[in-house]
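Reader: I am new to this structure. Please take me through one part of it closely, and then show me what lies around it.

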Amino acid sequence: NALLSGIEKGLEETRGRSTGNERLLAVADRGRAALAEACDQLVERALPDVAMAALSVEGGELHVVSAGAVRVYLHRGGKPQRLTPRDEPVGGILRSRVAHCASALEPGDLVLAGSTTAFSIRAISQVVSVLQQDPRTPPSVLASVLTEPAGQAGVGAAAAVLRVV
């Protein structure tokens, strides 16, 4: 909740003043500060950390800022391109470096984002199979396909999918 609250405040503070990755980096900074402040109030020795991915679409470009164990892919013409770092960071927004990138979008592109648990080998192979059968599969179906194996294994997973029109 602290991270989300910080992100919300960061979005309000940067509205109309920043764009693209510049805005998302400022938002991530605000979220990190809010989480750190909340952690300062705790008495636990092992402080919680949070993985996050923030995406925005602006002027035909996808902007991605991430920290921790999350993945974002751009799927174009049947080929996925990973937009988050390949080396899995230790920790989340408090303990790992915030990564960022931008990529031009084209009609028909799919953007798939989520926790690493949503991108298991089983989930990815199921998404590939579904897209081979019907490249126009709705994003909501693809998000469900990504999270279903984790749910069956009793593990939490989060995924969001969007299609560029």
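What does D49 count as, going by its relative accessibility?

Author: D49 counts as partly exposed, because its relative accessibility is 23%. The cut-offs are these: buried means under 20% relative accessible area, exposed means over 50%, and partly exposed lies in between, with a 1.4 Å probe and protein chains only.

A word on the basis. The model is predicted, so local features need pLDDT of at least 70 and side-chain atom pairs count only at pLDDT 80 or more, while totals for chains, interfaces and linings use all residues. Residues are numbered from 1 along each chain as its sequence is written, and side-chain values use heavy atoms, leaving out hydrogens and water.

Now the partner of D49. Side chains of opposite charge can pair when their charged atoms come close. D49 forms a salt bridge with R95, with 3.1 Å between the closest N and O atoms. This pair links distant parts of the chain, 46 residues apart. D49 sits in the loop between α2 (20-40) and β1 (52-58), and R95 sits in the loop between β4 (79-82) and β5 (99-104). Helices (H or I, at least four residues) and strands (E, at least two) are DSSP runs, numbered from the N terminus. A salt bridge here is a side-chain nitrogen of Lys or Arg within 4 Å of a carboxyl oxygen of Asp or Glu. By this rule there are four salt bridges. R95 also counts as partly exposed, because its relative accessibility is 48%.

L94 lies in the loop between β4 and β5. At 25% relative accessibility, L94 counts as partly exposed. L94 touches D49 and P48, and also R32, L35, A36 and C39, if residues up to four places away in sequence are not counted. Contact means heavy atoms within 4.5 Å. S120 is another story. L94 and S120 are 26 residues apart along the chain, and 25 Å separates their C-alpha atoms.

Other salt bridges meet at R76. The side chains of E106 and R76 come together in one, at 3.5 Å from N to O. R76 lies in strand β3 (residues 70-76) and E106 in the loop between β5 and β6 (110-115), so the pair ties together parts that are 30 residues apart in sequence. R76 forms another salt bridge with D109, where the closest N and O atoms are 2.7 Å apart. This pair, too, links distant parts of the chain: R76 in strand β3 and D109 in the loop between β5 and β6, 33 residues apart. How do they sit? E106 is partly exposed at 40% relative accessibility. R76 is partly exposed at 29%. D109 is buried, with a relative accessible area of 1%.

Helix α1 (residues 2-14) packs with α2 at an angle of about 140°, and their axes are 7 Å apart. Axes are lines fitted to C-alpha atoms, for helices over the stretch in contact, and angles run from 0 to 180 degrees between N-to-C directions. The two helices are therefore oblique to each other. Angles under 35 degrees count as roughly parallel, over 145 as roughly antiparallel, 65 to 115 as roughly perpendicular, and the rest as oblique. Residues of α1 in this contact include L3, I7, L11 and T14, and those of α2 include R23, A26, V27, R30 and L35. By class, the contact holds nine nonpolar, four polar and five charged residues. Ala, Val, Leu, Ile, Met, Phe, Trp, Tyr, Cys and Pro count as nonpolar, Asp, Glu, Lys and Arg as charged, and the others, Gly among them, as polar.

Look at T14 in helix α1. T14 counts as buried, at 8% relative accessibility. Leaving aside neighbours within four places in sequence, T14 is in contact with R23, A26 and V27. The C-alpha atoms of T14 and V27 are 7.7 Å apart, and 13 residues separate the two along the chain.

N21 belongs to helix α2. N21 is buried, with a relative accessible area of 12%. Beyond neighbours within four places in sequence, N21 is in contact with H63, V64, V65, H100, C101 and A102.
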